Amino acid sequence: MKLCSNLHKIISMLENKQKIIILGSYWLAIFCEGSSRIIIPLYFASIGISPLKIGFMAFAFELFGLLTSILGGYFINRFGYRNGFLASLVFHTIASFGYLSIHGELDVTMMLVIVGVLRAFRGIGKELIETTSTAYLKQTNVKGRRGIILQILFGGKESLRGVGLFVGGGLLTYLGFVESFAVLGVATLVALFIAGMYLSDFRELKSIQLKDFFRTSKRMRYLAVIRLFLYSGRDLWLVVALPIFLTESGVSNVETSLMVALGLVVFGASQVLFSAFLKARGGIGSITLKANRWRFRDFLFPTHLLAALVMASTMYIPHTIEILWWIVIIYNLVSGAATASHNHLHIKYAKKRRSSIDISFYKGVAQLGKTFAVLSSGILYQMYGLSGCLSAATISLLCAAILGYRLNYLQMQRAQRKLERSVSQSA
């Protein structure tokens, strides 16, 4: 009996060590991605590169992230979770150390090509580590604890990205462009070494074919398209347009990165707190139709609509630096509440026997919104300024709200039919 108890403790310790490695490496990679996200637009805007070209760099990041979102699930399904996780850290490390090849004598065109390739590597690493980490937690966590761990994972991710944005602005100011990426490369190299030494492997039991990629549930398809519009509503103005606008307005790199960083910290904290609030007020997964029982999916429409209304209101106020601080904070507060539902639901809708594929489908479709938003933001900003980007973001968020209402309606119908079948069978 004592031997069984000790064995159980050892197994529990090993599982916890695996989760610490997954969470720690994932957060570190996200921190480095956040830093690079602010360093790129600030540096190239300061040397006179046009917003359209800066948007193209972000487009390379999102495009290859999109391809990885689609194909990453197959890689994990075929070669295991450990290989997928280590490969993601390799891409992150290359994407940082590659900037050591950039120097003042390089032609501008060649410099943009190198940055585009490195941003593509960063996009591959980001999506691969997100898919691997999420699918790993889907497989290894019991249902009662999964929601808490997922909110820590996703909420912590956004907060660490925000910290990375702030630190990135400081690194650029006090160390310089190339030196900043040398620091980021060392960080992910250490994470790669630790994961390679201690991370165990896990493989799915069923091998999925390419033709099965779109054979996911209707709920997952709706949820993915809703997230597509949510991503667009954010990236149309926050990723490229806002940092360029602040730089052109004479705001320092540190203050610009602090503004965007604070927004993401608020976003991550809002996700965690809103999820805890919903969980405390009535649960997540029941199919009963009690009026006093709240679910994550019930908030797809109201929170998405509120995000759209917040964004719409920004078009009718002057875009001074002081007001932009409040816009960034309020938007991220509401957006965190709006996306908290997705962090739970896309894991819930994924089928365990093919979770990496279902999660890849969700992330791949959602990534489409980011990919075209960052490219469009450069074009919109060059033609219409920040107001044009905010207008496009408002339309995108309204589409997310409408689809959220539709998904909630379909879910209610599904629950009603299931309840009726249950009553008829018991009768």
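Author: Buried means under 20% relative accessible area. This is a predicted model. Lys363 has a relative accessible area of 8%. That is under 20%, so Lys363 is buried.

Reader: What makes the pair of Lys363 and Glu130 a salt bridge?

Author: A salt bridge needs a side-chain nitrogen of Lys or Arg within 4 Å of a carboxyl oxygen of Asp or Glu. The side chains of Lys363 and Glu130 meet at 3.3 Å, N to O. That is within 4 Å, so the pair counts. Lys363 lies in helix H12 (residues 355-426) and Glu130 in helix H4, so the pair ties together parts that are 233 residues apart in sequence.

Reader: Which residues do salt bridges with shared partners join into one network?

Author: Glu33, Arg37, Lys126, Glu127, Glu130, Arg161 and Lys363.

Reader: How do you know whether Glu130 is buried or exposed?

Author: Glu130 has 2% relative accessibility. The cut-off for buried is under 20%, so Glu130 counts as buried.

Reader: And Lys126, buried or exposed?

Author: Lys126 has a relative accessible area of 2%. That is under 20% too, so Lys126 is buried.

Reader: What makes Glu130 and Lys126 a salt bridge?

Author: Their closest N and O atoms are 3.6 Å apart. The limit is 4 Å, so this pair passes. Glu130 and Lys126 both lie in helix H4 (residues 108-140). They are 4 residues apart, about one turn of the helix.

Reader: Why is the contact of Glu33 with Arg37 called a salt bridge?

Author: The closest N and O atoms of Glu33 and Arg37 are 2.8 Å apart. That is within 4 Å, so the name applies. Both residues lie in helix H1 (residues 2-46), 4 residues apart. Both Glu33 and Arg37 are buried.

Reader: How many salt bridges are there by this rule?

Author: The count comes to 7.

Reader: Why can such side chains pair at all?

Author: Side chains of opposite charge can pair when their charged atoms come close.

Reader: Now the surface. Which residues form a nonpolar patch there?

Author: Val186, Val190, Phe193, Ile194, Met197 and Tyr198. Together they have about 610 Å² of accessible area. Val190 lies in helix H6 (residues 177-198).

Reader: How do you know what Val190 counts as?

Author: Val190 has 44% relative accessibility. Buried is under 20% and exposed is over 50%. The value falls in between, so Val190 counts as partly exposed.

Conventions: Residues numbered from 1 in each chain as written. Predicted model: local features only at pLDDT ≥ 70, side-chain atom pairs only at ≥ 80, totals over all residues. Heavy atoms only, no water. Helix = DSSP H or I, 4+ residues; strand = E, 2+ residues; numbered from the N terminus. Buried < 20%, exposed > 50% of the residue type's maximum accessible area, 1.4 Å probe, protein only. Patch = residues over 30% accessible without salt bridge, like charges linked within 9 Å, V, L, I, M, F, W, Y side chains within 5 Å. Areas by Shrake-Rupley, 256 points an atom, 1.4 Å probe, with all protein chains shown as cover.
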